[in-house]
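User: I have a model open and want a quick read of its fold. Can we start with the terms?

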Amino acid sequence: MENTNSSDVESTMVINPIEDMNKLKALASEPRIQMLNLLRDKTLNINEIADALNLPQSTVATHISILEEAVLIVTESVKATK
């Protein structure tokens, strides 16, 4: 393994901390990370997420709003069927 001097290492910032503050804050929550992980593979409604994470629906709705505001997810309203 080659020994590299820290002055030889170049770094590139992939986010802008000021512009991406909402994203960073949204990612600072374990339940929101779990929700993003659940939503990677399929579309789920709030009740399905609440059941999967054993969280109240109101808590999930709050977290979903934060993720949506940070543009980490996109939601859509679906009419309830009788």
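Analyst: Buried means under 20% relative accessible area, with exposed over 50% and partly exposed in between (1.4 Å probe, protein chains only).

User: What share of the 82 residues is buried?
Analyst: Buried residues make up 17% of the 82 residues in the protein. This is a predicted model, where local features need pLDDT of at least 70, side-chain atom pairs count only at pLDDT 80 or more, and totals for chains, interfaces and linings use all residues. Residues are numbered from 1 along each chain as its sequence is written, and side-chain values use heavy atoms, leaving out hydrogens and water.

User: What radius of gyration does the protein have?
Analyst: The protein has 18 Å, while a compact globule of 82 residues would have a value near 12 Å. The radius is taken over C-alpha atoms, and the globule rule is 2.2 Å times the number of residues to the power 0.38. The C-alpha trace spans about 65 × 30 × 20 Å along its principal axes.

User: How many helices and strands?
Analyst: Four helices and zero strands, counted as DSSP runs (H or I, at least four residues, for helices; E, at least two, for strands) and numbered from the N terminus.

User: Which residues of H3 and H4 meet?
Analyst: Ile-46, Asn-47, Ile-49 and Ala-50 in H3 meet Gln-57, Val-60, Ala-61 and Ile-64 in H4, contact being heavy atoms within 4.5 Å.
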